[in-house]
Amino acid sequence: LCVCNRLHGNASAAYESLGLVDGRTVVMFGSLEEFEEVVANYTTRPEYEARRMAIVRRAQALARRRFAWEQVAARMDRVLRDVRREARRDSASSSK
C-alpha cells in the first residue's frame, strides 16, 4: 500500500500525471496526525483489509499498465526521436 502526502494546487498534478488517485491507487494524508491514523487503520484494523487490498490491486494494475518496460521504452524512444529531430532542425537553421 502506497501512502503519500497530499499535495495542493498545481503540485497535485504530479500525482495525477502518474495516475495516482487518493483512495483508488494510493492513500494520502495531509498532516502527521492523519499519517499516523492512516497507517494504524490500514495495518491493524480488520475492517480496512478489503479496502487496502482493493487499493493495492488497482495500484498494481496501474503499475503494470503504465510502467511496464515496453511502455517505458516506447516513451523513451519517442522522446529521443523528438530530441534528435529538434537537433537536426537547429543544426539546419544555424547553418543557413
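Asn 41 lies in helix H2, which spans residues 32–44. The structure is a predicted model. Asn 41 is buried, with a relative accessible area of 10%, and its side chain makes a polar contact of 3.1 Å with the side chain of Arg 45.

**Nonpolar cores**

- The largest nonpolar core consists of six residues: Cys 4, Tyr 15, Leu 20, Val 26, Met 28 and Leu 62.
- Another core, of five residues, lies apart from the largest one and includes Val 38, Tyr 42, Tyr 48 and Ile 55.
- Met 28, a member of the largest core, touches Cys 4, Arg 6, Tyr 15, Leu 20, Asp 22, Glu 34 and Val 38, when residues up to four places away in sequence are not counted.

**Salt bridge between Glu 34 and Arg 6**

- Seven salt bridges are found in a search of the whole structure.
- One of them joins the side chains of Glu 34 and Arg 6, with an N to O distance of 3.3 Å.
- This pair links distant parts of the chain, the two residues being 28 residues apart.
- Glu 34 belongs to helix H2, whereas Arg 6 is in the loop between strand S1 (3–5) and helix H1 (13–18).
- Glu 34 is partly exposed, at 26% relative accessibility.
- Arg 6 is likewise partly exposed, with a relative accessible area of 28%.
- A network of salt bridges links Arg 6, Asp 22 and Glu 34.

- Side chains of opposite charge can pair when their charged atoms come close.
- Arg 81 and Asp 77 form a salt bridge through their side chains, at 2.8 Å from N to O.
- Both Arg 81 and Asp 77 lie in helix H4 (residues 69–94), where they are four residues apart, about one turn of the helix.
- Asp 77 is partly exposed, because its relative accessible area of 35% falls between the limits of 20% for buried and 50% for exposed.
- Asp 82 forms a salt bridge with Arg 85, and their closest N and O atoms are 2.9 Å apart.
- Asp 82 and Arg 85 are also both in helix H4, three residues apart, which is about one turn of the helix.
- Asp 82 is partly exposed, with a relative accessible area of 42%, and Arg 85 is partly exposed at 43% relative accessibility.

**Packing of helices H3 and H4**

- Two packed helices are described by the angle between their axes and the distance between the axes.
- The axes of helix H3 (residues 49–67) and helix H4 come within 5 Å and cross at roughly 40°.
- H3 and H4 are therefore oblique to each other.
- On the H3 side, the contact is made by Arg 64, Arg 65, Arg 66 and Phe 67.
- On the H4 side, the contact is made by Trp 69, Gln 71, Val 72 and Arg 75.

**Loop between S1 and H1**

- Leu 7 is located in the loop between S1 and H1 and is partly exposed, with a relative accessible area of 28%.
- With neighbours within four places in sequence left aside, Leu 7 is in contact with Ser 12 and Tyr 15.
- Leu 7 and Val 27 are 20 residues apart in sequence, and their C-alpha atoms are 12 Å apart in space.
- His 8 is placed in the loop between S1 and H1 and counts as exposed, at 62% relative accessibility.
- The C-alpha atoms of His 8 and Val 56 are separated by 24 Å, the residues being 48 residues apart along the chain.

**Strand S2**

- Phe 29 is in strand S2 (residues 27–29) and is buried, with a relative accessible area of 16%.
- Phe 29 is in contact with Val 3, Cys 4, Asn 5, Arg 6, Glu 34 and Phe 35, leaving aside neighbours within four places in sequence.
- Two of these contacts, Arg 6 and Glu 34, are the residues that meet in the salt bridge of 3.3 Å.
- Phe 29 and Arg 81 are 52 residues apart along the chain, and their C-alpha atoms are separated by 39 Å.

Conventions
Residues are numbered from 1 along each chain as its sequence is written. This is a predicted model: local features need pLDDT of at least 70, side-chain atom pairs count only at pLDDT 80 or more; totals for chains, interfaces and linings use all residues. Side-chain values use heavy atoms; hydrogens and water are left out. A nonpolar core is a set of buried Ala, Val, Leu, Ile, Met, Phe, Trp, Tyr and Cys residues joined through side-chain atoms within 4.5 Å. Buried means under 20% relative accessible area, exposed over 50%, partly exposed in between (1.4 Å probe, protein chains only). Contact means heavy atoms within 4.5 Å. A polar contact is a pair of N or O atoms within 3.5 Å; within protein, one must be able to donate a hydrogen and the other to accept it, and residues adjacent in sequence count only if both atoms are side-chain atoms. A salt bridge is a side-chain nitrogen of Lys or Arg within 4 Å of a carboxyl oxygen of Asp or Glu. Axes are lines fitted to C-alpha atoms, for helices over the stretch in contact, and angles run from 0 to 180 degrees between N-to-C directions. Angles under 35 degrees count as roughly parallel, over 145 as roughly antiparallel, 65 to 115 as roughly perpendicular and the rest as oblique.
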